[in-house]
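Student: I would like to learn how to read charged side chains in a model. Could we go through one together?

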Amino acid sequence: MKKKLLTALLTLSLGAIALTGCSNSTQDSAATSTEAATTTDTAEAADSAAAESTDGTARTLDEIKESGKIVIGVFSDKKPFGYVDSNGDFQGYDVYLGNRLAEDLGVEVEYVPVEAASRVEYLVSAKVDIILANFTVTEERAEQVDFALPYMKVALGIVSPESALITEPEQLNGKTLIISKGTTAETYFSENYPDVKLLKFDQYSEAYNALLDGRGDALSTDNTEVLAWALENEGYAVGVDSLGSIDTIAPAVQKGNTELLEFINDEIKSLAEEQFFHAAYEETLAPVYGDAADPDSLVVEGGVVE
């Protein structure tokens with residue numbers, strides 16, 4: 001069933017740009033969850049609030065080289081895209097790119113764990129040089145940070161217990177959907193399904209634990225992520241494999257950091273010659289998806305979406 005779902009996901013053609021997306025957290029109270037169903041406190045609103053925090057001056061490309069280190073914000077609990085392994089090392093599809101950027105720049109890399117809702121703030125305040133954390137490109141976010149060329153395609157998906165499988169988003173009306181704060185899943189359901197109760201968490205790991213504990217009827221985030229999680233967790237399946245249109249994932253830098261942005265774009269273009277992102281897929285995603293996925297339907301080479 002999962003293979004059929006993934007096949008359906010991977011054969012979708014690109015549509016118009018839609019809001020899709022991309023935890024130690026505290027569980028929102030039931031009152032907060034109910035309020036979230038009608039509030040306009042969406043992921044973009046969270047990003048805007050973050051952008052109002054104290055600005056920091058981004059390091060130039062030369063300053064990064066002189067320091068001998070580049071600082072990259074990644075997820076620490078979103079396997080197989082960004083996570084910390086049993087040895088305490090950062091791994092994943094996003095990290096694979098971060099390692100190569102540092103190598104070609106001739107510097108060491110320092111990974112800083114971020115949460116979905118803090119990605120914009122970490123760039124605005126210059127806590128990191130780059131964000132590589134399954135960052136979906138949206139118009140609202142592009143007003144606050146600069147996105148480089150994309151390296152992956154993504155939409156939203158919904159995972160739920162096979163015993164009470166959610167196959168249509170309308171089935172969630174009056175029920176509880178688990179999401180992570182600051183994601184485009186939060187935005188999408190707040191705007192399109194106000195009768196769905198949203199139970200929000202800061203970290204992805206806490207959100208999935210809530211699903212395992214039965215605190216919600218389903219969980220929504222990137223379809224690539226829920227597919228990977230369902231494949232590794234018996235008794236769960238992705239009943240909705242693509243919600244909204246396919247969008248893109250891209251690196252991001254502080255607004256106006258043109259030199260660093262151009263370096264990343266040039267890297268992404270040149271790496272296409274060696275099919276770098278297909279190699280990243282084989283190294284980090286294929287062990288999870290197995291033969292159920294077609295990398296050509298997920299991977300973007302050279303920043304060109306086909």
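Student: Which residues gather in a patch of negative charge on the surface?

Tutor: A word on the model first: it is predicted, with local features needing pLDDT of at least 70, side-chain atom pairs counting only at pLDDT 80 or more, and totals for chains, interfaces and linings using all residues. Residues are numbered from 1 along each chain as its sequence is written, and side-chain values use heavy atoms, leaving out hydrogens and water. Now the patch: Asp 62, Glu 63, Glu 66, Glu 259, Glu 262 and Asp 266 gather there. Patch residues have over 30% relative accessible area and no salt bridge, and like charges are joined within 9 Å.

Student: Which helices each supply at least two residues of the negative patch?

Tutor: They are α4 (61–67) and α11 (258–271). Helices here are DSSP runs (H or I, at least four residues), strands are E runs of at least two, and both are numbered from the N terminus. Asp 62, for example, belongs to α4. Asp 62 counts as partly exposed because its relative accessibility is 45%; buried means under 20%, exposed over 50%, and partly exposed lies in between (1.4 Å probe, protein chains only).

Student: How many salt bridges does a search of the whole structure find?

Tutor: Side chains of opposite charge can pair when their charged atoms come close. The criterion is a side-chain nitrogen of Lys or Arg within 4 Å of a carboxyl oxygen of Asp or Glu. The search finds 10. One of them joins Glu 110 to Lys 69, with the closest N and O atoms 2.7 Å apart. That pair links distant parts of the chain, 41 residues apart: Glu 110 sits in strand β5 (residues 108–113) and Lys 69 in strand β1 (residues 69–74). Glu 110 is partly exposed at 31%, and Lys 69 is partly exposed at 34%.

Student: Is Glu 121 buried or exposed?

Tutor: Glu 121 is buried, with a relative accessible area of 16%. Its salt-bridge partner is Lys 127, the closest N and O atoms being 3.2 Å apart. Lys 127 is partly exposed at 45%.

Student: What do Lys 255 and Asp 146 tie together?

Tutor: Their side chains meet in a salt bridge (3.1 Å, N to O). Lys 255 lies in the loop between β13 (252–254) and α11, while Asp 146 is in strand β7 (residues 145–147), so the pair ties together parts 109 residues apart in sequence. Asp 146 counts as buried at 15%, whereas Lys 255 is partly exposed at 42%.

Student: Which residues do salt bridges that share partners join into one network?

Tutor: Arg 100, Asp 104 and Glu 274.

Note on methods
Patches are made of residues with over 30% relative accessible area and no salt bridge: like charges are joined within 9 Å, nonpolar side chains (Val, Leu, Ile, Met, Phe, Trp, Tyr) within 5 Å. Accessible areas come from the Shrake-Rupley method with a 1.4 Å probe; for residues, only the protein chains shown count as cover. Lys and Arg count as positive and Asp and Glu as negative; His and the chain ends are not counted. The place of a charge is taken as NZ of Lys, CZ of Arg, CG of Asp or CD of Glu.
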